[in-house]
Amino acid sequence: MATSVLVTRPAGQGAALLDALAAAGFGPLHHCPLLELVPLQQLAPAQRQQLLDLDRYQHVIFISTNAVRIGMERIDDYWPQLPDGIHWYAIGDATARMLRERGLSPLTPGQKMDSETLLLLPQLQAVADQRVLIVKGEGGRATLRETLAKRGARVDELACYRRRCPQLAAERLPQLLRDEAIEVVLISSGEGLANMLALLSAEETTKFRNIGLVVPSPRVAAMAQQAGFDNVVTAANASDAAMLQALQQWQAGD
């Protein structure tokens with residue numbers, strides 16, 4: 001049975017997921033980014049110093065593929081050859097794959113791609129007086145920084161891009177959901193869900209509360225349920241494979 005699906009990954013990052021959904025027989029398929037990523041063109045002096053001091057860090061953590069893509073461009077400006085002796089980390093398989101393509105061997109949290117699981121890695125337990133650099137976007141969760149600081153680490157954050165809500169026409173999202181009879185929306189992050197809610201009025205949120213949502217974590221599922229959505233399936237993580245599997249689970253239970 002055909003299922004009308006809306007993919008909400010940022011622009012330029014939805015093609016692989018759309019292809020996987022089409023190959024699995026889902027459709028019609030639509031793509032409406034609910035998160036926009038803007039590289040920061042100018043780094044503050046303190047951040048430039050962090051890059052100059054990269055060889056003084058014992059641990060460098062990349063939050064996302066965007067952190068690798070944009071952050072490594074910044075690092076390359078200062079370090080054409082990367083320093084030795086650093087433990088590299090990635091939250092997520094796609095992020096780890098991008099680092100491996102650069103010849104690195106990142107440590108990852110495994111299937112459960114979140115900060116809490118990364119913090120269970122043995123290499124991040126006894127970190128007192130060690131320096132940690134977290135490469136990320138502006139804002140976001142503070143779990144990594146706060147937990148590592150409590151363990152005695154000296155933690156810095158290199159914010160290299162900004163997230164923002166796409167500037168859609170006032171009725172664009174509700175019209176898309178309505179006119180295309182969207183049955184399920186794939187949400188990639190908590191910020192994507194927050195932007196979806198911002199682009200829908202309270203009345204529209206109530207109107208679409210029975211629409212299916214596939215979300216990447218229990219935390220985002222709780223946000224969706226608190227917002228009034230009744231039909232939520234939690235994927236193992238935000239990867240394309242996990243999203244597809246959760247969508248198949250949603251369809252089987254439909």
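**Close-up 1. Arginine 102 and its salt-bridge partner, aspartate 76.** In this predicted model, arginine 102 is partly exposed at 38% relative accessibility. Arginine 102 forms a salt bridge with aspartate 76. The closest N and O atoms are 3.1 Å apart. The pair links distant parts of the chain, 26 residues apart. Aspartate 76 belongs to helix α3 (residues 65-78), whereas arginine 102 sits in the loop between α4 (93-100) and α5 (115-118). Aspartate 76 is also partly exposed, with a relative accessible area of 30%. Side chains of opposite charge can pair when their charged atoms come close.

**Close-up 2. The salt bridge between arginine 131 and aspartate 156.** The closest N and O atoms of arginine 131 and aspartate 156 are 3.5 Å apart. This pair, too, links distant parts of the chain. Arginine 131 is in strand β6 (residues 131-137) and aspartate 156 is in strand β7 (residues 154-164), 25 residues apart. Arginine 131 has a relative accessible area of 14% and is therefore buried, the limit being under 20%. Aspartate 156, at 22%, is partly exposed.

**Close-up 3. The salt bridge between sequence neighbours glutamate 73 and arginine 74.** Here the closest N and O atoms are 4.0 Å apart. Arginine 74 counts as buried, at 12% relative accessibility. Glutamate 73 counts as partly exposed, at 42%. Over the whole structure, a search finds ten salt bridges.

**Close-up 4. The five-stranded open sheet.** The strand order is β3-β7-β6-β4-β5, and the pairing is mixed. β3 (36-39) and β5 stand at the edges. Each has a single partner strand, so one side of each is left without a neighbour in the sheet. Neighbouring strands are turned by 25° against each other on average, direction ignored. β3 and β7 pair in the antiparallel sense over four bridges. Proline 39 stands opposite tyrosine 161 in β7. Helix α2 (residues 45-52) packs on the sheet and touches β6 and β7. The direction of α2 makes about 120° with that of β7.

**Close-up 5. The largest nonpolar core.** This core has 25 residues. Those with the most contacts inside it are Leu54, Val60, Phe62, Ile75, Trp88, Leu133 and Val135. At least two residues each come from β4 (59-62), α3, β5 (87-90), α4, β6 and β7. α3 gives the most, with five residues. Leaving aside residues up to four places away in sequence, valine 135 touches Val60, Ile61, Phe62, Ile63, Ala67, Gly71, Leu158 and Cys160.

Close-up 6. β9, helix α10 (residues 218-226) and β10 make a right-handed β-α-β unit. Strand β9 (residues 212-215) and strand β10 (residues 231-234) pair in the parallel sense. Four bridges join these two strands. Valine 214 stands opposite valine 233 in β10.

**Close-up 7. Helix α8 and its surroundings.** Helix α8 spans residues 190-199. Its buried residues are Gly190, Gly192, Leu193, Asn195, Met196 and Leu199. They pack against β7, α7 (172-179), β8 (184-186), α9 (202-207), β9 and α10. An α-helix has 3.6 residues a turn, so residues three or four places apart point the same way.

Close-up 8. A cis peptide bond joins glycine 27 and proline 28, with omega about 0°. Proline 28 lies in the loop between α1 (15-23) and β2 (29-31). Aspartate 129 has a positive phi of about 70°, although it is not a glycine. This aspartate 129 is found in the loop between α5 and β6. At 65% relative accessibility, aspartate 129 is exposed. Alanine 181 also has a positive phi, near 50°. The loop between α7 and β8 holds alanine 181. At 46% relative accessibility, alanine 181 is partly exposed.

Terms used. Residues numbered from 1 in each chain as written. Predicted model: local features only at pLDDT ≥ 70, side-chain atom pairs only at ≥ 80, totals over all residues. Heavy atoms only, no water. Pairing = 2+ DSSP bridges. Right-handed = clockwise from strand over helix to strand, strands pointing away. Salt bridge = Lys/Arg side-chain N within 4 Å of Asp/Glu carboxyl O. Buried < 20%, exposed > 50% of the residue type's maximum accessible area, 1.4 Å probe, protein only. Contact = heavy atoms within 4.5 Å. Core = buried A, V, L, I, M, F, W, Y, C linked by side-chain atoms within 4.5 Å. Axes fitted to C-alpha atoms, helices over the stretch in contact; angles between N-to-C directions.
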